[in-house]
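I opened my notebook to look up how the pieces of this fold meet. I took one contact at a time.

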Amino acid sequence: MDPIDSPAWADNPRLTDWLAERAAAFPAWAGEHGGDWDFTPDSLDRLEAVIRSAFSSWEEANDAADGPLLAVAAWYLGEVQVRHCGAAWRCDPQAPPPPGTAAGGQPLLTVPRATLDGHEQDALEELDEIDENPTPLVDPASIIRSLFAAPDSHLRDVLNRYARFERWRRSLA
């Protein structure tokens, strides 16, 4: 089993606290950035506009990654995936790596294997053997920073990862 699919990654104090802090900060954040945020895929264009207006480079966005704007923006981006794509939050239950290290440690999103039927799980195990796992794995904070590393990218592009996953699932039927 991939660690991200383990119960420890699905339910742990690091993840619970991270989600609770951002959910609690969201109402003030939403008021500061125009109110009426509805967690729909269409709202990702608006979220992108807020982010692009606040930062002009990857470096600026990276330096502010843990600040209130981007911390809540990453949570919001993830919640859109949870509510519309069947994704679930996961987080390494271990303490985060020290600042300045290459490892991330931020919560991620994926489609839990437990939601797959037996045929899909068998097919996924076969793909795992050749390192071609089709399940999405998304780091919302990285997706946000990528807006500045790849100017032609858009937040809503992350939804394509789930579309590819759904096409894979339909191909097994």
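**Helix 3 and helix 7.** I began with helix 3 and helix 7 (residues 140–149), whose axes lie 11 Å apart at an angle of about 60°. This is a predicted model, so I note each value as computed from it. What does that angle make helix 3 relative to helix 7? It makes helix 3 oblique to helix 7. I then looked up the hand of the crossing, and it is right-handed. Next I listed the residues. Helix 3 brings Glu48, Ile51 and Arg52 to the contact. Helix 7 brings Ile144, Leu147 and Phe148. Sorted by class, this contact has 4 nonpolar residues, 2 charged ones and no polar ones.

**Helix 3 and helix 5.** I stayed with helix 3, residues 43–54, and turned to helix 5, residues 68–85. Their axes are 11 Å apart, and the packing angle is about 160°. Because of that angle, helix 3 runs roughly antiparallel to helix 5. The cut-off I needed here is that angles over 145 degrees count as roughly antiparallel. I noted a left-handed crossing for helix 3 and helix 5. On the helix 3 side I wrote down Ser43, Leu44, Leu47, Val50, Ile51 and Ala54. On the helix 5 side I wrote down Leu69, Leu70, Ala73, Tyr76, Leu77 and Val80. How many residues of this contact are nonpolar, polar and charged? I found 11 nonpolar, 1 polar and no charged. Ile51 of helix 3 is in the contact with helix 5, and Ile51 is also in the contact with helix 7.

**Helix 2 and helix 5.** Helix 2 covers residues 13–32. The axes of helix 2 and helix 5 come within 9 Å and cross at roughly 110°. That makes helix 2 roughly perpendicular to helix 5. From helix 2 I listed Trp18, Leu19, Arg22, Ala23, Ala25, Phe26 and Trp29. They meet Pro68, Leu69, Ala71, Val72, Ala73, Trp75 and Tyr76 in helix 5. The class count is 13 nonpolar, 1 charged and no polar.

I checked threonine 110, and its bridge partner in strand 3 is leucine 137. A reminder to myself: strands of a sheet pair through backbone hydrogen bonds.

**Arginine 169.** My last entry is one residue. Arginine 169 sits in helix 8, residues 159–172. What does the side chain of arginine 169 reach? It reaches the backbone oxygen of threonine 115, at 3.4 Å. Leaving out residues up to four places away in sequence, arginine 169 touches Thr115, Leu116 and Glu120.

How values were computed:
Residues numbered from 1 in each chain as written. Predicted model: local features only at pLDDT ≥ 70, side-chain atom pairs only at ≥ 80, totals over all residues. Heavy atoms only, no water. Pairing = 2+ DSSP bridges. Helix = DSSP H or I, 4+ residues; strand = E, 2+ residues; numbered from the N terminus. Axes fitted to C-alpha atoms, helices over the stretch in contact; angles between N-to-C directions. Parallel < 35°, antiparallel > 145°, perpendicular 65-115°, else oblique. Left-handed = near helix turned anticlockwise from the far one by under 90°. Contact = heavy atoms within 4.5 Å. Nonpolar A, V, L, I, M, F, W, Y, C, P; charged D, E, K, R; others polar. Polar contact = N/O pair within 3.5 Å; in protein donor to acceptor, adjacent residues only side chain to side chain.
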